[in-house]
Amino acid sequence: MPENLEVGDVSVGRGESKKGTIKGVELVDGTSIDIPVLLMNGAGDGPTLLVQSTQHGIEIQGIEVIHRVMRELVNPEELRGAVIGIPVVNPLAFTYHKYLSWIDDLDVGRVDADKPEGNTTERLAHALWKEAWSKADLIVNIHCNTRPDSLLYQGINVGIPATRDKLVKMAEVFGVTTIVSDAPLAENAPPTLDNLAASKGVPVILEELIDGRWISEPSTSAGVKGVLNIMKAFDMIDGEMEPQEGIRVVPGVNRSHGIIRANKGGLIRFFKTPGEFLKKGEALAEIYDLYGDVVEEVRMPVDGYVWAYPCGQSLNTSGGLQAVQTGANVAYAFTHEKEWPP
Ligand SMILES: [Zn+2]
């Protein structure tokens, strides 16, 4: 860990906290779209944790989590290691209340992050890589599903040996429903932020809170507890682990089954709560037309669960209304695979 941690235009010495910005991009009128950053450099040695929120511009709960952890709950004098907090990693999306960058409809987490001369969103990704991601040892990437009844969950890829053990440890202590994948890092994998981090052996855990457009409970408490538990597990702060309470958790190792889509257009009503067990073939929702007639019963394709109802969402859009078109995402489904650990 360096004496001085430097990110963007800020430099923090041991035992200090500061705020600043990472230089982003300029709009047509010359306005700078920069990325605010909070930095805390602990008095003691330890890993550098990056906590980021709002890769998707309408998923704001993680902003509050970062503020609580970095402004209220952790003291740099008692911290071993450092924390980099980025409340909004895609200001081009957040500013216009959009899921993706309004300027080119790209996702800062999915574009190449190694191209300082790339397109607009690639330049933002590169700034994030150069100034923050490349300096971190552990990364928590906070997203949110839209609706307040979604299941809080986390995604880890256990298919990369260099990051596997750390990810399993992070997931276990964060303590929400865990959905695993095991995709090895291909040699020709695109240089996204995630893939660049994985190739350096840096674990990135995806946390999905709920009710993404609003700062609310239980997202704040669960997010704060999870981040602090990770800091305790990696010996950055003292304190007892605090298990998640008051939220539905499907324990063990779960796996995504994919997206259940609408075959008819209309309004939709849901019968089952995310996290509730569903038998294969059981109806989880029905779609009805504007005359009020039911036109489709949406059935579970497998024994398992749903973690969220994104409503009319399809690729690269954010669900908003309780209505779907043909092909729209109705539910995200997953199956329970086995007991912990993966
Ligand atoms: Zn997201």
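1. Helix α1 (residues 61-73) packs against helix α6 (residues 219-233) at an angle of about 55°, and their axes lie 9 Å apart. Helices here are DSSP runs of H or I with at least four residues, strands are runs of E with at least two, and both are numbered from the N terminus. Axes are lines fitted to C-alpha atoms, for helices over the stretch in contact, and angles run from 0 to 180 degrees between N-to-C directions. The model is a predicted one: local features need pLDDT of at least 70, side-chain atom pairs count only at pLDDT 80 or more, and totals for chains, interfaces and linings use all residues. Residues are numbered from 1 along each chain as its sequence is written.

2. α1 and α6 are therefore oblique to each other. Under 35 degrees counts as roughly parallel, over 145 as roughly antiparallel, 65 to 115 as roughly perpendicular, and the rest as oblique.

3. On the α1 side the contact is made by Q61, G62, E64, V65, R68, V69 and L73, and on the α6 side by S219, T220, G223, V224, V227 and L228. Contact requires C-beta atoms, placed from the backbone, within 7 Å. By class, the residues of this contact are 6 nonpolar, 5 polar and 2 charged. Ala, Val, Leu, Ile, Met, Phe, Trp, Tyr, Cys and Pro count as nonpolar, Asp, Glu, Lys and Arg as charged, and the others, Gly among them, as polar.

4. An open sheet of 4 strands has the order β14-β13-β12-β16, and its pairing is antiparallel. Its edge strands, β14 (294-299) and β16 (323-324), each pair on one side only. Two strands pair if DSSP finds at least two bridges between them. Strand β12 (residues 266-270) is joined to β16 by 2 bridges, and G266 has V324 in β16 as its bridge partner.

5. Strand β11 (residues 253-261) is joined to strand β9 (residues 177-181) by 3 bridges, and the two run parallel. T178 stands opposite V253 in β11. With strand β17 (residues 329-338), β11 pairs in the antiparallel sense over 8 bridges. The bridge partner of G258 in β17 is A333.

6. E172 is placed in helix α4 (residues 161-174). Is E172 buried, exposed or partly exposed? E172 is partly exposed, because 17 other C-beta atoms lie within 10 Å. The cut-offs are 20 or more other C-beta atoms within 10 Å for buried, 12 or fewer for exposed, and in between for partly exposed, with C-beta atoms placed from the backbone. The C-alpha atoms of E172 and P243 are separated by 9.9 Å, although these residues are 71 residues apart along the chain.

Definitions and conventions: Two residues are in contact if their C-beta atoms, placed from the backbone, lie within 7 Å.
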